Amino acid sequence: FYTPAEVVRVCVELCDPAEGMSVYDPTVGSGGMLIQMRDYLREKGGSSDELSLNGQESIGTTWSICKMNMLLHGISHADIRQEDTLKNPQHLDANNELKRFDRVVANPPFSQNYSKANLNFPGRFSVFMPEKGKKADLMFVQHMLAVLKHDGRLASVMPHGVLFRGGEEREARKHFIEHGFLEAVIG
């Protein structure tokens, strides 16, 4: 079994950030994955000065902790927004469309229930939009795919239920595999 720190490290290594890239965490929490992306680039001998770090967090106190954590780690340029990512993504381009990133890394809240009312950019969820009270795990995956550049790379920590739940979720997994979105699953 991997420890939580090892899981984060594996996600970061799979993403393999490089100088000049943009990195996004849609469920940034306290910012640990973004900090690890920066640290990994430095370990490889790269300069993190041009690494664009972006994140969004729905819980105000956690968002505040993330902002403080970025400053404590010398990352004053991180663009961390406070809002519910599924309902109202905040990172938009000049045309008010979802901004796209080179790397997306996340550890979304496991098996969170959601309401599909008042979702901005509902086209993100064309593959899977379960009824109210169902798990939002694959909605987070779809959001991450929607903001990933065509040549980008994504790594996410998910609960095991994502691999085994049936019905609509089985069909969504099938879609991800058939369209080449899934490269590996690490248990």
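How many salt bridges does the count come to? In this predicted model, the count comes to eight salt bridges. The legends below describe selected views.

**View A. Packing of helices H1 and H2.** Helix H1 (residues 4-15) packs against helix H2 (residues 32-43) at an angle of about 55°, and their axes are 10 Å apart. H1 is therefore oblique to H2. The crossing in which H1 passes H2 is right-handed.

**View B. Salt bridge between Arg-9 and Glu-43.** The closest N and O atoms of Arg-9 and Glu-43 are 2.8 Å apart. This pair links distant parts of the chain, with Arg-9 in helix H1 and Glu-43 in helix H2, 34 residues apart. Arg-9 is partly exposed at a relative accessible area of 24%, whereas Glu-43 is exposed at 53%. A network of salt bridges links Arg-9, Glu-13 and Glu-43.

**View C. Salt bridge between Asp-16 and Lys-44.** The closest N and O atoms in this pair are 2.6 Å apart. Asp-16 belongs to the loop between H1 and strand E1 (22-25) and Lys-44 to the loop between H2 and strand E2 (52-57), so the pair ties together parts 28 residues apart in sequence. Asp-16 is partly exposed, with 27% relative accessibility, and Lys-44 is partly exposed, with 41%.

**View D. Salt bridge between Arg-38 and Asp-39.** The two side chains meet at 2.8 Å, N to O. Arg-38 is buried, at 5% relative accessibility, while Asp-39 is partly exposed, at 22%.

**View E. Nonpolar surface patch.** Leu-163, Phe-164, Ile-177, Leu-182 and Val-185 together present about 500 Å² of accessible area. Leu-163 lies in helix H5 (residues 161-164) and is partly exposed, at 35% relative accessibility.

Conventions. Residues are numbered from 1 along each chain as its sequence is written. This is a predicted model: local features need pLDDT of at least 70, side-chain atom pairs count only at pLDDT 80 or more; totals for chains, interfaces and linings use all residues. Side-chain values use heavy atoms; hydrogens and water are left out. Patches are made of residues with over 30% relative accessible area and no salt bridge: like charges are joined within 9 Å, nonpolar side chains (Val, Leu, Ile, Met, Phe, Trp, Tyr) within 5 Å. Accessible areas come from the Shrake-Rupley method with a 1.4 Å probe; for residues, only the protein chains shown count as cover. A salt bridge is a side-chain nitrogen of Lys or Arg within 4 Å of a carboxyl oxygen of Asp or Glu. Helices (H or I, at least four residues) and strands (E, at least two) are DSSP runs, numbered from the N terminus. Buried means under 20% relative accessible area, exposed over 50%, partly exposed in between (1.4 Å probe, protein chains only). Axes are lines fitted to C-alpha atoms, for helices over the stretch in contact, and angles run from 0 to 180 degrees between N-to-C directions. Angles under 35 degrees count as roughly parallel, over 145 as roughly antiparallel, 65 to 115 as roughly perpendicular and the rest as oblique. A crossing is left-handed if the near helix is turned anticlockwise from the far one by less than a right angle, and right-handed if clockwise.
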